[in-house]
Amino acid sequence: MELCSFLTLDSFITDPLTHDFMRKALLMSSLVAAVCGFLSSYLTLKGWALMGDAVSHSVMPGVVVAYALGLPFSLGAFIFGVGSVALIGFIKQKSRVKEDTVIGLVFTGFFALGIVLVSKIKSNIDLHSILFGSPLGISLSDVKQTILISLLVVILLSIFRKDLMLYCFDPRHAKTVGINVFFLHYLLLTCLSLAAVVGLQSVGIILVVAMLITPGATAYLLTDKFDNMTVISVLSAIISSLIGIYVSFWFDLETGGSIVLAQTFIFLFAFLFAPRYGIFKLKKLFAGYK
Amino acid sequence: METINYQNFRIDAENICVDYNGKVALYDANLRLKPGQICGLVGMNGAGKTTFFNALTGFVNISKGKIRINGESVRSAQKDQTIAYVPQNEGIDSQFPISVWDVVMMGRYGSMNIFRCPRESDVQAVKDAIARVDLTDHLSTPIGNLSGGQRKRTFLARAIAQRASILLLDEPFSGVDIRTEKLISELFIQFKNEGKTILLSTHDMIHVREFCDLVLLINKTVVAYGETSEVFTPENITTTFGGISPDFLFGPES
């Protein structure tokens, strides 16, 4: 805390940049935040927050198995992410148990399997970094994977941007005009799994769902236009990541937690002061002084 | 023996059945509609009206029977954007961040390239459609800021922009203002003259008498089907509504 006394804003920002690991962390986390923020608009509008939670937790055993077998961890995570969704769909269809119950049941089961596997395999897996993320300790191979997956998700979302918007808004109309709704459903799920995979490096499995829903929720309070919502969502995600990493560097805090907390504060700010949908409706407040 | 030319029918549903996980929602339902016909779909909540729509649009699969749209399969009707569906106001997320223009443009998606970039003709079609429902002043208004009637007109405009020859309307008159009701009535007459086929579900018996050439009374299956003047009798209506008399439904005057 003594640091603060001789810190200027300039050195607050530039000092961390002298470290290689910080430059890497800032860049990678911004990229991950942008990807998750992009997807976040769709997930919040589709009402898939719980699904995001489920997928992000379910990738755990996949990560562990992939590490143990020496495969890219994203591959394992992806298989288990999509697998969990398929299992949720199957159980929902074949039983009378309600959907939210099934989702809760499946993802905790997968997550538990992951934890048990970690204890059994006892390799050099760092449970802490899987659960809470380790943006400061990201390896070169992880960097390559993250860039590759991020590019893939951004390209997919950009190509099918409008179709996905239609799918979230009115799937019946999409179907009626011959758009493949089945494909869009699985495309969104695939992107969700991939985004969860890259997101967990930044903030870890437990908090990655925040990356997937908070930026979208914040943007939803600030605009009535879908394109603006996407831009705001991406920007707020990137800004939170930068703030989180800087704050964690200077005050020696857990990085993942700091990033998510920054997102939560931005959301709270929008919740209170958003011009149209905030509790205090800033626009009206200003109008009062005119 | 007379051979039936299926090309003559816009909609030809033959003995269709739909079940959801073994629970029957609709069985042995038949419907034949020609160009320029307006048909009312009348039944209680849960009688299978929405299921019927879903089957025609291909949103649910039928377990038995056959559906032909212009003599072709439902899938090719989807490809040709033959059918437009106008949802109930309750059936859409009115808080979705989307403008009138964008909703109506969705009517053109089926005929655009994969990026859904509007061509000059698409822009013109959307402009014309919005003008026909009298919403030109609200092009960029988010749908959340519209009244129920304006929202209904937005989705009608989407169906117009789609240039579909068959319109399926779920409760087109529920929750709309007088102005919208009048505009929809006028549009129906125009659609009929343009040779479009309309199937609309409604709770309002007066509208059935006013607009519908034909009426299809359903209660999980077809109770009665035919010309409105012949089929829309107190007895049939009572059967459709599970024994409730038409006096109760629309006053002793009827």
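1. A:S202 belongs to helix α12 of chain A, which covers residues 181-203. In this predicted model, A:S202 counts as buried, since its relative accessibility is 3% and the limit for a buried residue is under 20%. Setting aside residues up to four places away in sequence, A:S202 touches A:S29, A:V32, A:F132, A:G133, A:S134, A:P135, A:G256 and A:I259.

2. A:V154 is found in helix α9 of chain A, residues 140-159. A:V154 has a relative accessible area of 30% and is therefore partly exposed. Once neighbours within four places in sequence are left out, A:V154 is in contact with A:V35 and A:F38. From A:V154 to A:Q263 the separation is 109 residues in sequence and 21 Å in space, taken from C-alpha to C-alpha.

3. The interface between the two chains may be considered next. Chain B contributes 33 residues to the contact and chain A contributes 26 residues. Together, chain B and chain A bury about 2,700 Å², and carbon and sulfur atoms account for 62% of this area. On the side of chain B, 24% of the area buried against chain A comes from B:F59, B:F96 and B:P97, more than from any other three residues.

4. The side chains of A:D170 and B:R158 form a salt bridge, with an N to O distance of 2.8 Å. Polar contact joins 10 residue pairs across the interface of chain B and chain A, both members being at pLDDT 80 or more. Within chain B, the elements that give two or more residues to the side touching chain A are α1 (49-57), α2 (74-79), β5 (83-86) and α5 (148-162). The residues on that side of chain B comprise 17 nonpolar, 12 polar and 4 charged.

5. Over all chains, the whole structure holds 17 salt bridges. In chain B, B:R32 and B:D12 pair through their side chains at 3.1 Å, N to O. This pair links distant parts of the chain, as B:R32 lies in strand β2 (residues 23-33) and B:D12 in strand β1 (residues 11-20), 20 residues apart. How do the two partners stand in terms of burial, buried or partly exposed? B:R32 is partly exposed, with a relative accessible area of 30%, whereas B:D12 is buried, with a relative accessible area of 1%.

6. B:D12 has a further salt-bridge partner in B:R68, at an N to O distance of 3.0 Å between the side chains. Because B:R68 lies in strand β4 (residues 64-69) of chain B and B:D12 in strand β1 of chain B, this pair ties together parts that are 56 residues apart in sequence. B:R68 counts as buried, at 13% relative accessibility. A network of salt bridges links B:D12, B:E14, B:R32 and B:R68.

7. B:E186 counts as partly exposed at 38% relative accessibility, while B:K182 counts as exposed at 54%.

8. The buried residues of α6(B) are B:T180, B:L183, B:I184, B:S185, B:L187, B:F188 and B:F191. What do these buried residues of α6(B) pack against? Their packing partners in chain B are the strands β3 (38-42), β6 (166-170) and β7 (197-201), together with the helices α4 (120-132), α5 and α7 (205-211).

Notes:
Residues numbered from 1 in each chain as written. Chains lettered and ligands numbered in written order. Predicted model: local features only at pLDDT ≥ 70, side-chain atom pairs only at ≥ 80, totals over all residues. Heavy atoms only, no water. Contact = heavy atoms within 4.5 Å. Buried area = accessible area lost by both parts, 1.4 Å probe. Salt bridge = Lys/Arg side-chain N within 4 Å of Asp/Glu carboxyl O. Polar contact = N/O pair within 3.5 Å; in protein donor to acceptor, adjacent residues only side chain to side chain. Helix = DSSP H or I, 4+ residues; strand = E, 2+ residues; numbered from the N terminus. Nonpolar A, V, L, I, M, F, W, Y, C, P; charged D, E, K, R; others polar. Buried < 20%, exposed > 50% of the residue type's maximum accessible area, 1.4 Å probe, protein only.
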